[in-house]
Amino acid sequence: MMMGSLTEKKVLSISIGKQSRLLTVRNKIRTVLDHLEIPRREQNRLIIALSELMRNTIQYAKSGELTLSAVQEGSTWSIAFVLSDKGPGIAHLDEILQGAYRFAPGRGFGIASAKRLLDEFEMQTVLGKGTKACGRMEVGHLHAQGLDEGRMERLHETLAQQPDIEELVTSLREKEQLIEQLNNELNVTNEGIIALYREIDEKNVELSRANQMKSSFLASMSHELRTPLNSILALSQILLDRIDGDLSGEQEKQVTMIQDSGERLLQLINDILDLSRIEAGKVRIEKMWIDLRKVAQEAITSMEPLAKKKGLTLRFVAPDSLPQVFADEARVRQILLNLLSNAVKFTPAGSILVSLALPMKEDREIAVSVQDTGIGIAQKNLVYIFEPFHQIDNTPARKYGGTGLGLSISKQLVELLGGRIWANSSVREGSTFTFTLPMAKTGVGAKFQE
């Protein structure tokens, strides 16, 4: 060394090459200075000075070698360095060091700046053979135990494992480019999805408009059909009542057929009218506190003649104490009649049980079930039974009659009332249809339209 040091220990020796590698070299220098616990302010001064000198070396000599040493002189510690290259040498070096020579941007300015940051600095050059720069910077503190052989070995292992920052930067840039490319592709895809959603929305609007037109048409046609049909039913009843004279046996049979067919047709029209009103959002729901037991008994009473005609037993089970339910009485009765009508229709023999069940603990719903011993429904068909017209193409429907609209109407009415409906069934063992009604807390006697 240029100074008469008492103790000197090499702490770093590294090759410098491409300009881009300066980041990696600076990081290794920083690691060494951190290891020796040198204050950050002094670290920054030394690193800035070395960066200027290394940049000159790379620019003019392409490559070089850098060595850092910890030097103790008395009680004073300093970091010394040697930076050498085998480049073409530096012309006018003395003038440069004195700040009297001005180059094109580059070498002259960097060397002078580095000199000002260091406590000692020397630079020698031989044209055609290379340049050597030496310097030293005193440090206010240095962790001398960090110079122990064992700790220095671990430091060098750490340096060897440090990633090459330039490679990381290159990899990061490649990933940024990939992300940008993916973002561009995603934007294109999003634009396609947005266009698709816009098309779907337009189709939905068209479909909704067409559906409303269909519902309006069905409602209108149902009214137009029901009026003359009621006249036919009234006139046939007059004939059966012998108001205009007696009928022969054959005439009575034919008029009865007219009336039966008319009643079935009226039921179909009524179902279509109900369905079209629901789908058009025109159904009226008027809620108030109702006695569910009374509504269920009335529905059962209405169905008893049909059940008795087929030899079926109709039973009713309900808890002794049953709270009132906040619902639309007419719609609840309609739902029950639909379920009872189906039960009677599809039960050749046996019984039908209507039951009411109180809510379980924190549930706020009352369950109403209609259980029969009829022909049952195959499991694969249970998911379809609440769809409109589902029974029309079904063999049982053709045998037992019916439109397949009753369950669909019941489901939609139950949902309008805020409840749920489902079915359990086994072929030849019967079916159980259950629907729930929510128990409202307030609004006793209230009446509103949804």
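Predicted model: local features only at pLDDT ≥ 70, side-chain atom pairs only at ≥ 80, totals over all residues.

Val-332 belongs to the largest nonpolar core, a set of 46 residues in which Val-332, together with Leu-292, Leu-336, Leu-340 and Phe-435, touches the most other members. Apart from this core lies another, made up of 42 residues and including Ile-16, Val-25, Leu-53 and Leu-118.

Val-332 is also one of the buried residues of helix α9, among which are Arg-331, Gln-334, Ile-335, Leu-336, Asn-338, Leu-339 and Leu-340. The helix spans residues 329-345, and its 17 residues reach 24 Å from the first C-alpha to the last, close to the 24 Å expected at 1.5 Å a residue. At the start of α9, the backbone nitrogen of Ala-330 has a side-chain oxygen of Asp-328 within 3.1 Å. In an α-helix, residues three or four places apart point the same way, because there are 3.6 residues a turn. Val-332, Leu-336 and Leu-340 are all listed among the core residues that touch the most other members.

We turn next to a sheet. It is open and has five strands, in the order β7-β9-β10-β12-β11, with mixed pairing. Its edges are formed by β7 (313-317) and β11 (421-426), each of which pairs on one side only, and the twist from one strand to the next averages 15°. Within the sheet, β10 (residues 365-372) and β12 (residues 430-438) run antiparallel and are joined by seven bridges, with Ala-367 standing opposite Thr-436 of β12. Helix α8 (residues 292-309) packs on this sheet, where it touches β7, β9 (351-357), β10 and β12, and the direction of α8 makes about 175° with that of β7.

Elsewhere in the chain, strand β3 (residues 76-85) is mostly covered, with seven of its ten residues buried. Which strands does β3 join through bridges? One is β2 (residues 64-73), which runs antiparallel to β3 and is joined to it by nine bridges; here Glu-65 has Ser-84 of β3 as its bridge partner. These two strands form a hairpin with two residues between them, and in the turn Gly-74 has a positive phi of about 70°. Nine bridges likewise join β3 to β5 (residues 130-139), again in an antiparallel arrangement, and in this pairing the bridge partner of Ala-80 is Arg-136 in β5.

Definitions and conventions:
Residues numbered from 1 in each chain as written. Heavy atoms only, no water. Core = buried A, V, L, I, M, F, W, Y, C linked by side-chain atoms within 4.5 Å. Buried < 20%, exposed > 50% of the residue type's maximum accessible area, 1.4 Å probe, protein only. Helix = DSSP H or I, 4+ residues; strand = E, 2+ residues; numbered from the N terminus. Expected span 1.5 Å × (residues − 1). Polar contact = N/O pair within 3.5 Å; in protein donor to acceptor, adjacent residues only side chain to side chain. Pairing = 2+ DSSP bridges. Axes fitted to C-alpha atoms, helices over the stretch in contact; angles between N-to-C directions. Contact = heavy atoms within 4.5 Å.
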